[in-house]
Amino acid sequence: MSAERTRSFFDEMAKTYDDDLRALGWNPVSVVREWPFAVAPGERVLDAGCGTGALLQHLAGAARRLSGFDLSEGMVARARARRSLRDADLRVHDAGQPWPFPDGSFDVVFAFGMLEFVEQLDRAFDELGRVLAPHGRALVSVEDIVDWEGEQRPGMELRYGRFPLWRRTLEDVDVRLPPGLDIVTARRQPAYVVLELGFTTAYHVIELVRRPIGSG
Ligand SMILES: C[S@@+](CC[C@H](N)C(=O)[O-])C[C@H]1O[C@@H](n2cnc3c(N)ncnc32)[C@H](O)[C@@H]1O
């Protein structure tokens, strides 16, 4: 799927996205809550593919400096409308293009449910590594093409069109991480239940760390 089609798909989805997630009883905050991954006061945080800004809103306060970007203008408009994010830096941007931030700008980068839509996956990981400061951490989640019980998802094409990039394991996707960006932990876990189609989605949640240059 081209970035243009992805953008218009999510522009449409933005209109009901928060209500849809509420109906599913799930949102990105639940991933962070369940993961031993604290964001300290004062840390610089980027949410890549921030959607309507639910995760950034959860992190707002504690003098954190918050940035987010998303391909969809509709999603970014919703994020900008949140009062708690009035001081956040929110942009429309494609993760498959160079990220508009200097090297080492962030202590923490999140990318939830976004990378599975990016054609230039290597570029996105290069940029994620580049904008992380030494010792910076990232937490990303990507939805599996196979559901939690291991079945091919019947609703995949119904819901999302065909996204060929994500499979069962990191090896299947052939992710090439840039030097200095290492996986700390990767875990496959259940996400939300799609009642009408009778399956539970599965996510890969992957924690990464930016090694300081020259630390082997
Ligand atoms: C399933 S939503 C997840 C949104 C949010 N991270 C969350 O967890 O609720 C996927 C988001 O990724 C964004 N997205 C898809 N492709 C993108 C790209 N190439 N660059 C930036 N954002 C992208 C979509 O616009 C959408 O907001």
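**Reading the fold**

Tutor: Helix α5 (residues 73-80) lies across β2 (65-70) and β3, and runs at about 165 degrees to β3. Axes here are lines fitted to C-alpha atoms, for helices over the stretch in contact, and angles run from 0 to 180 degrees between N-to-C directions. Two residues are in contact if their C-beta atoms, placed from the backbone, lie within 7 Å. Helices (H or I, at least four residues) and strands (E, at least two) are DSSP runs, numbered from the N terminus. Residues are numbered from 1 along each chain as its sequence is written. This is a predicted model, in which local features need pLDDT of at least 70 and side-chain atom pairs count only at pLDDT 80 or more, while totals for chains, interfaces and linings use all residues.

Student: How many helices and strands does the protein chain have?

Tutor: The protein chain has eight helices and seven strands.

Student: In what order do the seven strands form the sheet?

Tutor: Two strands pair if DSSP finds at least two bridges between them. Here the order is β3-β2-β1-β4-β5-β7-β6, in an open sheet with mixed pairing. β3 (89-92) and β6 (181-194) are the edge strands; each has a single partner strand, so one side of each lacks a neighbour in the sheet. On average, neighbouring strands of this sheet are turned by 15 degrees against each other, direction ignored.

Student: How do β6 and strand β7 run, and how many bridges join them?

Tutor: β6 and β7 (residues 199-210) run antiparallel and are joined by 11 bridges. Ile183 stands opposite Leu208 in β7, and Leu181 stands opposite Arg210 in β7. Four residues lie between the strands of this hairpin, where Gly198 takes a positive phi near 70 degrees.

Student: Where else does a glycine have a positive phi?

Tutor: Gly25, which follows α2, has a positive phi near 70 degrees.

Student: Why does Val109 count as buried?

Tutor: A residue is buried if 20 or more other C-beta atoms lie within 10 Å of its own, exposed if 12 or fewer, and partly exposed in between, with C-beta atoms placed from the backbone. Val109 counts as buried because it has 27 C-beta neighbours inside 10 Å. Val109 is found in strand β4. Leaving out residues up to four places away in sequence, Val109 touches Leu46, Ala48, Leu128, Val131, Leu132 and Ala138. Of the 216 residues of the protein chain, 36% count as buried.

Student: Which residues have the most contacts inside the largest nonpolar core?

Tutor: A nonpolar core is a set of buried Ala, Val, Leu, Ile, Met, Phe, Trp, Tyr and Cys residues joined through C-beta atoms within 7 Å. The largest has 47 residues, and those with the most contacts inside it are Ala48, Val109, Ala111 and Leu128. Strand β4 (residues 106-112) supplies the largest share of this core, six residues.

Student: How many residues surround the ligand, and which are the closest?

Tutor: A residue is near a molecule if its C-beta atom, placed from the backbone, lies within 6 Å of it. There are 20 residues around the ligand, and the closest are Phe10, Pro28, Gly49, Gly51 and Ala95. Helix α1 (residues 3-14) gives the largest share of this shell, three residues.
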